[in-house]
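Me: I am new to this structure and would like to go through it by question and answer. Please show it first.

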Amino acid sequence: MTATFAGHQVDVDHEGYMQKPAQWNKEIAAEMAREVGIETLTERHWQVVEFVRSRYLETGSAPSIRSLGKESGVPVKELYKLFPKGPAKLAARIGGIPKPRGCI
Amino acid sequence: MTSTVMPEPTTAVEGRADSIQKVSIIISKGSLEGIYPGLIMANGARMEGIEANVFFTFFGMDAITKKRHNAIKVATVGNPGLHIPTLLGAIPGMSAFVTSQMKKEMEKLDIPPIPEFIEMIADTGAGIYACLATVDMFKLKKEDFVDHVTDIITVGEFYEMAAGGEIVFT
């Protein structure tokens, strides 16, 4: 299944998460963010998105909300202000990686 | 002969959204295995962007009590799920041993210890509430609770808060 973001055609799952992280770029991220209600990605948003993406590329899985809060440099409280509909999920989506499947 | 017409089976409750918007989770047990499921469900709800409230009652309240929240243990007696004979489970130190083993496994999965977990859940924006009836029964005061407790509330206030969402009892 494919979808077009910012003029780029990418592979996505049925919920719209990208399946091939290599197809991702920052324009795609900005458009995906708007789709989930985040008008502008601030520096703090980027810090989280880039952390989640690079953790996935290094280890093959997205970080838990606990390690996101401890290691991304953005505490849990602020994470939920930046991404009210769920930071772990939305940062993965905007960061162009598959949907995280962790319970924590 | 009379025949009765059975009502059509209900397939969907009218007016219900197909996604959950709010959950109110009640934690009533004070063992490690009694407390964690509710905490995981509350945190998991917030991860999905679902509004969540956690209501602690009876021995579940140990999870938010300063004196107790660091000493929550697995029940090794009367817990068939552990597959330890009751008499073995009763040996002094058994509960502490099983608890420390389980905590190690949970740490591997990035499941935080209870005090940290409560703080994290509060930071996600979920409400943390203590049950007034239990507070009175155990003669507790606001100061006995960890700082993340939003309020001490009655059952009625709990239902008011839970209105329009799902209630999960653990």
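Me: Which residues of helix 4 of chain B are buried?
Reply: This is a predicted model, in which local features need pLDDT of at least 70, side-chain atom pairs count only at pLDDT 80 or more, and totals for chains, interfaces and linings use all residues. Residues are numbered from 1 along each chain as its sequence is written, while chains are lettered from A and ligands numbered from 1 in the order in which they are written. Helices (H or I, at least four residues) and strands (E, at least two) are DSSP runs numbered from the N terminus, and a residue is buried if 20 or more other C-beta atoms, placed from the backbone, lie within 10 Å of its own, exposed if 12 or fewer, and partly exposed in between. In helix 4 of chain B, residues 114–123, the buried ones are Ile114(B), Phe117(B), Ile118(B), Met120(B), Ile121(B) and Ala122(B).

Me: What covers the buried residues of helix 4 of chain B?
Reply: Contact here means that the C-beta atoms of two residues, placed from the backbone, lie within 7 Å. From chain B, the cover includes helix 1, strand 2 and strand 3. Chain A takes part too, with helix 3 and helix 4.

Me: Which helix of chain A gives the most to the side that touches chain B?
Reply: The contact takes 15 residues from chain A and 14 residues from chain B. On the chain A side, helix 3 (65–71), helix 4 (76–82) and helix 5 (87–94) each supply at least two residues. The one that gives the most, with 4 residues, is helix 3 of chain A.

Me: Which are the edge strands of the sheet in chain B?
Reply: Two strands pair if DSSP finds at least two bridges between them. In chain B, 5 strands form an open sheet with parallel pairing, in the order 4-3-2-1-5. Each edge strand pairs on one side only, and these are strand 4 (151–153) and strand 5 (166–169) of chain B.

Me: What is the bridge partner of Ser24(B) in strand 5 of chain B?
Reply: Strand 1 of chain B, residues 22–27, pairs with strand 5 of chain B in the parallel sense over 4 bridges. In strand 5 of chain B, the partner of Ser24(B) is Ile167(B).

Me: At about what angle to strand 1 of chain B does helix 1 of chain B run?
Reply: Angles run from 0 to 180 degrees between N-to-C directions, with axes fitted as lines to C-alpha atoms, for helices over the stretch in contact. Helix 1 of chain B (residues 32–47) lies across strand 1, strand 2 (51–56) and strand 5 of chain B. Its angle to strand 1 of chain B is about 165 degrees.

Me: What pattern does chain A follow along the sequence?
Reply: The secondary structure of chain A comes to 5 helices and 2 strands. Read along the sequence, the pattern is β-β-α-α-α-α-α.

Me: Why do the buried residues of helix 1 of chain A line one face?
Reply: In helix 1 of chain A, residues 26–35, the buried residues are Ile28(A), Ala29(A), Met32(A) and Ala33(A). They line one face because, seen down the helix axis, they fall within an arc (taken over the directions from the axis to the C-beta atoms) of 135 degrees.

Me: Which residue just after helix 1 of chain A takes a positive phi?
Reply: The phi in question is about 95 degrees. The residue just after helix 1 of chain A that takes it is Gly37(A).
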